[in-house]
Amino acid sequence: MIEYQRLIMADTVRTAAFEKALRTVVKPGCTLVDVGSGTGFLAFLASKFGAKRCILIEREPEFIKISKEMARRSNITNCTFICGDSRDIKKSFNADIVISETLGNFAYEENIIETLPDARRFLKSGGVMIPQSLRIHAAPVVRAAQWKEVTVWDRVGFDLDWSPCKERSVNNMYVKKVEKADLLPVPSHTTQWDEVLFAHGKIKSIRSANLSWKLNHPATIYGICLWWDCTLIPGITLSTSPFAPPTHWQQIFLPIPDPIAGASHDTIACTLRSDSRRSVKINVQWEVLHKDKTGKELVQCRMDMRRGAS
Ligand SMILES: C[S@@+](CC[C@H](N)C(=O)[O-])C[C@H]1O[C@@H](n2cnc3c(N)ncnc32)[C@H](O)[C@@H]1O
């Protein structure tokens, strides 16, 4: 588990953005709750910036042990450590700030849209929630590199039918580096699949929306790339876009079984659905539809992570 913490602490785009947000909002004497505290990094920064009391909530006992040890060795004495899932903690803290870095590569697989709305009960009226909003984007992938890796089964050979293996591989989402040159150039207003605001109201765990893109020239589509941008506080945003500085989150690649040969004026449509209910943790389904310029359906494929689970 420490390997994941090492990876995220080495991501200076991430650490710099959270540091900047905390420097802006932490006022001397304030109380902060860090939901999913890991090593304790965010709470410890807040303590250094003048917070009077920091409450660390972390479900992994090993991280509570590590963060207690770090606090002791760093002479930080104003922290309270609570081991458990924040959603099961009944206490109220009347905090000035609730912060949580529970952002997954896809964004929702660490259950941020369930955890953060629930954690609002730790916040006093008028308190600050970090992050404040999150948007997920999608665009078609027009270069073969990521698709070739996922569909290597087509080329394994040995006179065996590898299709049961390919069927499972293509029904999965992949954390991959996707470059901007890998994407179909599409207008930026056509990429937003979802948006969640953490400050108010309940957020539904089942998210679904359609996107579509018109081809200006012939292009081969190999799958869909996903990325997100997250507003920590107004003016401070973290992004996993292929157009932004790289982060440890990279991008998500959603494959399709066979490349789609698109002609000028054809449409590529994608229906994307995610389910991050606590009982599910995460499931993503994507349907890609290719229509010609008259609207006639040429290809349709439906992918579901549950089919790739075995
Ligand atoms: C990505 S790490 C972030 C650690 C640290 N806050 C940081 O920014 O460096 C997320 C941590 O949150 C914990 N976590 C996720 N959801 C949680 C929840 N609902 N309650 C308690 N811990 C949670 C995970 O176990 C993991 O250690």
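**Helix α4**

I started with helix α4, which runs over residues 61-73, so it has 13 residues. I looked up how helices are picked: helices (H or I, at least four residues) and strands (E, at least two) are DSSP runs, numbered from the N terminus. From its first C-alpha to its last, α4 reaches 19 Å, close to the 18 Å expected at 1.5 Å a residue. The expected span is 1.5 Å times one less than the number of residues in the helix.

A note to myself on the source: this is a predicted model, where local features need pLDDT of at least 70 and side-chain atom pairs count only at pLDDT 80 or more, while totals for chains, interfaces and linings use all residues. Residues are numbered from 1 along each chain as its sequence is written, and side-chain values use heavy atoms, with hydrogens and water left out.

Which residues of α4 are buried? I found Phe63, Ile64, Ser67 and Ala71. They sit on the same side of α4 because they cover an arc of only 100° around the axis. (The arc is that of the directions from the helix axis to the C-beta atoms.) Pro61, Lys65, Arg72 and Arg73, on the other side of α4, are exposed.

Next I looked at what covers the buried residues of α4, and the cover includes α1 (2-9), α3 (41-48), β2 (53-58) and β3 (79-83). Just after α4, I noted that asparagine 75 takes a positive phi of about 60°.

**Helix α7**

I repeated the search in helix α7, residues 163-170, where Lys166, Ser169 and Val170 are buried. They cover an arc of only 90° around the axis, which puts them on the same side of α7. Among the elements that cover the buried residues of α7 are α6 (145-150), β7 (174-176), β12, β14 (283-291) and β15 (297-304).

**The largest pocket**

Rolling a probe the size of a water molecule over the atoms shows where empty space is left. In the terms used here, on a 1 Å grid over the protein atoms alone, a pocket is an open set of points with protein on both sides within 12 Å along at least five of seven lines, whereas in a cavity a 1.4 Å probe fits but cannot get out; lining residues have an atom within 4 Å of a point.

The largest pocket has a volume of about 630 Å³. (Grid points are joined across faces, edges and corners, and the volume is the space filled by probe spheres set on the points.) I found 32 residues lining the largest pocket, with Gly36, Glu58, Glu101, Thr102 and Glu110 nearest its centre. At least two lining residues come from each of α1, β1 (31-35), α3 and β2, and α1 gives the largest share, 4 residues.

How many residues of each class are in the lining of the largest pocket? I have 10 nonpolar, 11 polar and 11 charged. Here Ala, Val, Leu, Ile, Met, Phe, Trp, Tyr, Cys and Pro count as nonpolar, Asp, Glu, Lys and Arg as charged, and the others, Gly among them, as polar.

**Loop residues**

Valine 26 lies in the loop between α2 (12-25) and β1. Is valine 26 buried or exposed? At 6% relative accessibility, valine 26 counts as buried. Leaving aside neighbours within four places in sequence, valine 26 is in contact (heavy atoms within 4.5 Å) with Ala46, Phe49, Gly50, Ala51 and Ile97. Valine 26 and isoleucine 97 are 71 residues apart in sequence, yet 7.8 Å apart in space, C-alpha to C-alpha.

Arginine 87 sits in the loop between β3 and β4 (95-99) and is buried, with a relative accessible area of 15%. Not counting residues up to four places away in sequence, arginine 87 touches Arg59, Asn111, Glu114, Thr115, Asp118, Arg121 and Arg278.

I then followed up Asn111 from that list. Asparagine 111 is in the loop between β4 and α5 (112-119), and is buried at a relative accessible area of 4%. Its phi is near 65°, a positive value in a residue other than glycine.

Phenylalanine 158, in the loop between α6 and α7, also has a positive phi, near 60°. At 69% relative accessibility, phenylalanine 158 counts as exposed.

My last entry is a peptide bond: from isoleucine 130 to proline 131 it is cis, with omega near 0°. Proline 131 is in the loop between β5 (123-130) and β6 (133-141).

Technical notes: Buried < 20%, exposed > 50% of the residue type's maximum accessible area, 1.4 Å probe, protein only.
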